[in-house]
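Subject: Handover of a structure and its findings

Dear colleague,

Please find the sequence and structure below. I would be grateful if you would read the notes that follow with the structure open beside them.

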Amino acid sequence: MAVEIPKEKWTSAVREVTLGATSDEGGTRSHTITVGGETALPFLHFEGETPNRPILALDVRSHKPEDWSPLLRQTWGKAMEDPATWAQAAEEAGADMIYLVLSLTTTDGEPNTPENARAVVRKVLEATGLPLAVVGPGQAEVDNELIVAVAEEAVGERLLLGLCEEKNYRTIVAAALAHNHLVQSKTPMDVNLSKQLVILINDMGMPLERIVMDPTTGALGYGIEYGFSVMERLRLAALQGDKMTQQPMIVNPGEEAWRVKEAKVGEGVPENWGEWERRALDWEALTATTLVHSGADILVLRHPETLRRVRAVIDDLIGPKSAA
Amino acid sequence: MTNHQVRLQPSNIIVEVPTGTLISEVIHLAGIDISQPCGGQGRCGRCAVILDDESGVRRRSTIRLSAEDLEDGYALACQTVIEGDVTISIPEQERIERRLVTDKSARKVELPFAYDPVTMQSVQAFQIHLSPPTMQDNIDDLSRLQKALADRGYSPIDIPLNVLRRLGTVFRDAKWSPWIVIETPTPPPGPARLIDISVEPIRPIGLALDIGTTTVTAYMVDLTTGQVLNSAAEYNDQINRGEDVISRIIYAEKKDLNELGVLVRQTIDTLLERLKLRTGIPPQGIHKVTVSGNTTMIHLFLGLPPASIRLTPYIPAANDPQSYLAAELALGVNPHASVYCLPGVASYVGADISAGVLACGLADSEVLTLFIDVGTNGETVLGTREWMVTCACSAGPAFEGAGVVDGMRATEGAIEEVWIHSETYEPTIRVIGGAKPRGICGSGLISLLSELFVTGVVDRAGNVKLDLDTPRVRQGEHGPEYIVAWSDETETERDIVLTKVDVNNLMRAKAAIYAGFTVLAESVGVELNDAKQVLVGGAFGQYINVENAIKIGLLPDLPWDRFHFLGNTSVLGSYMALLSHDAFEHTREIAQRMTYIELSADNTFYDAFTAALFLPHTEISRFPSVADIWDQEKRD
């Protein structure tokens, strides 16, 4: 007897967003990347399409981060001394995109400046042909000052600029609008808040085709199930036709995983936690693959080995398409 | 292009203009000034004119005009264009102002039902004629009174000691025809009680109280006619010990339960003093008291420890306390007056709601009715005469003008309505009493928030846009703020502002209330739109502007004629219970019939709350009338 597989019929789709611009399009990227476009829940190929695979970005800093795990510093080595070299190394490691975070201070402890931010972004753009995201250090006033300069410097590149938060989005959105970039909206793990910020940004005149939303997540064991559920609900709303939830989602499992004890600490933990490096990589990879399943379209990672592993998982998930 | 002749009255000026000219432009061309506080956006209704003939014009928008207005030929000068010859009358500004305020003027409190003091009222006052004692008729004063009262059916009768102490003197001074006040037992049987005796004629007087978390309201009532002699309201002196019921409970638990009782009695004393000034009736002349209020307020008033209200499973000491003597409660009225507390439903749906449901008539309604009590706690009741569900959410005191930097009660000097110009962001304000403003009251805050939203001074999350080109927005001491009145225009000689924190408080208040009734409707599977009437009670209930309240998402987007503003329904219910024992019993029955929905049981309320924490709501499709205005503003 033939078994009928029940299928969900969705009326809508995730919006497609294209990152980066080639020389034909007013930028200097070697190619662009489109994310989103799903017409079903993640990887349910029998119910709908996943036209664009989730992409993996690597986290690159404008200045060497002293607080990063020794495991990461060991892996990236000297490349971390220079953002252009680091971005090149990231491209070689297989990144689809560079996620450049401007630091609060320069390596010699001076406050970061708009001039410096411009120079860093210019160098990184020259060093790699990948699409680029540029976000500030996370302090409203500094973010605004640096990102406005970056937007102007990289006019037309369709950078993903951030972070837009409910309390501070107007300056960054205005800069992105004026210089043809995209924005990353970030809200603290809540369906309504995610949606509200997209509305606020859209109300300023930013087309929905230029907004990627970051619903925020937690690391494995640190609230990931809550983050998963928020992303799942956003995706369900999107597929049901709720326009303001149809943005592709970006999440940062690298940042989340590397700040928890299980990844960060090598000594003074129970022996049965196992070998440090393996545990740390597992933590980042498991966090990331869980988020791939929850519908993430862009994942920001820190370790090249994690990137390799997560890519293999995505390949497998995308693979059955031909078999179906 | 065709030109048309427009005749303007009463000045009788004729202006010739092409098709499509706005009436406001015609008026301007004629050199006449008309007020346009909203900058010609069709929102304020101040530029209304009267047309002699509809055929010469086309209306672009009729918001702010009622069906009746349209019938009378009213049109908004800024929203109506000329398409033919027409005569237009420009009314005097005063007339327009009056027209705008009629729907908001405080109504006189009327008798809620035909009142018969003999059958309904437990407290009676009358003169009694005793036969003077003689050597032959030598029974004592007390027995003489008891005998006379027994003849009138009052037997047995309780006579308090300090009335007994005055008996002899009063009888003799009154030449054996004293006035007495008696309360018959409710419900019988039980002894009647002598409350007071006097040489002078006594009118029996009652006091209906509503003890709100933020505001205490009192009606002084003539128990013979049933009429309200006067009313007064004042902020609850407990506010400094916490703005909401939870912080009051914690204060009572950790610090001083007794102090909170003292504070509320102090507020009541202030009201009694004010009522005495206005009516000449001293507090001791009050013979009966009914008290409504939320469960926590009743607990604090009675001195009951409220701790268990706050903790799961949220059990109050008493939902339906009995009556007590004023003396026991140290209440500053006649010490022998009975004090009746109205029955509540649960820890967070108190006597104020039973009273409100009684007063608004929901319990007898044939149609689906939504009743909202807008106060520090936003309680909602949904139902018909067949069934009622209720819930409560903590809205905070913002709509009562508390917890807002320049908030105040709706009294003289309060800004009660605001219009903001769409291009200059300059406000036009209306102040109660017409004097210099001192602050902003609840309706003013709703109006202000609505205008800030529609003109785009704040974004839909309520953030003040500091990048606007106007001195009216600035980074203030408490964060970004909008200046409603400059210091040289105010009574206090300080700027009157609305800060980001104030906006947040207002947003939370309106979101909590709206979320409450969406959850309630979902819990019984009805659509909010199916509600045939929406009854709005609360301290400011009778002044609120429905259009503004819908714009900010406080009230559901329903046709305006479904809304009825009833004012303070809690004190109204208290008043009804004061007049009639049957009414009091009815509140008890109402309290028992309501099904209480606990909002903290799951995430539904929180989700509805965060969705409502946006202007007007995250789902703008719930507010189609606001979506239209918003789209229009964005296009402009």
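I begin with an open sheet of 6 strands in chain B, whose order is β14-β13-β12-β15-β17-β16 and whose pairing is mixed. Here strands (E, at least two residues) and helices (H or I, at least four) are DSSP runs numbered from the N terminus, and two strands pair if DSSP finds at least two bridges between them. The edge strands are β14 (228-235) and β16 (323-325) of chain B, each of which pairs on one side only. From one strand to the next, the twist averages 20°.

This is a predicted model, in which local features need pLDDT of at least 70 and side-chain atom pairs count only at pLDDT 80 or more, while totals for chains, interfaces and linings use all residues. Residues are numbered from 1 along each chain as its sequence is written, and chains are lettered from A and ligands numbered from 1 in the order in which they are written.

Strand β13 (residues 215-222) of chain B pairs with β14(B) in the antiparallel sense, over 7 bridges. Within this pair, Thr215(B) has Tyr235(B) of β14(B) as its bridge partner. Helix α7 (residues 245-279) of chain B packs on the sheet and touches β12 (205-211), β13 and β14 of chain B. The direction of α7(B) makes about 140° with that of β14(B). For such values, axes are lines fitted to C-alpha atoms, for helices over the stretch in contact, and angles run from 0 to 180 degrees between N-to-C directions. Two residues are in contact if their C-beta atoms, placed from the backbone, lie within 7 Å.

**The sheet of 3 strands**

A further open sheet, of 3 strands, has the order β24-β25-β26 in chain B, with antiparallel pairing. Because β24 (473-476) and β26 (496-499) of chain B stand at the edges with a single partner strand each, one side of each is left without a neighbour in the sheet. On average, neighbouring strands of this sheet are turned by 45° against each other, direction ignored. Strand β25 (residues 479-485) of chain B is joined to β26(B) by 4 bridges, and the two run antiparallel. Tyr482(B) stands opposite Leu498(B) in β26(B). Helix α12 (residues 500-524) of chain B packs on this sheet, touching β25 and β26 of chain B, and its direction makes about 60° with that of β26(B).

**Strand β3 and its partners**

Strand β3 (residues 48-51) of chain B pairs with strand β5 (residues 74-76) of chain B in the antiparallel sense, over 3 bridges. The bridge partner of Ala48(B) in β5(B) is Leu76(B). Strand β7 (residues 86-89) of chain B is also joined to β3(B), by 2 bridges, and runs antiparallel to it. In β7(B), Ser89(B) is the bridge partner of Ile50(B).

**Two helix pairs**

The axes of helix α10 (residues 351-360) and helix α14 (residues 569-579), both of chain B, come within 7 Å and cross at roughly 80°. By class, the contact of α10(B) with α14(B) has 6 nonpolar, 6 polar and 1 charged residues. Ala, Val, Leu, Ile, Met, Phe, Trp, Tyr, Cys and Pro count as nonpolar, Asp, Glu, Lys and Arg as charged, and the others, Gly among them, as polar.

Helix α5 (residues 141-151) and helix α6 (residues 161-173) of chain B pack at an angle of about 85°, with their axes 10 Å apart. Their contact is made by Asp141(B), Leu142(B) and Leu145(B) of α5(B) and Leu164(B), Leu167(B), Gly168(B) and Phe171(B) of α6(B). These residues divide into 5 nonpolar, 1 polar and 1 charged.

**The two chains, and confidence**

Where chains A and B meet, 11 residues of chain A are in contact with 11 residues of chain B. Helix α6 (residues 191-203) of chain A gives the most to the side of chain A that touches chain B, with 7 residues. That side has 3 nonpolar, 2 polar and 6 charged residues.

Chain B averages a pLDDT of 89, and 94% of its residues score at least 70; pLDDT is the predictor's confidence in each residue, from 0 to 100. Over residues 97-107 of chain B the pLDDT is below 50. The model scores ipTM 0.86 and pTM 0.82.

With kind regards
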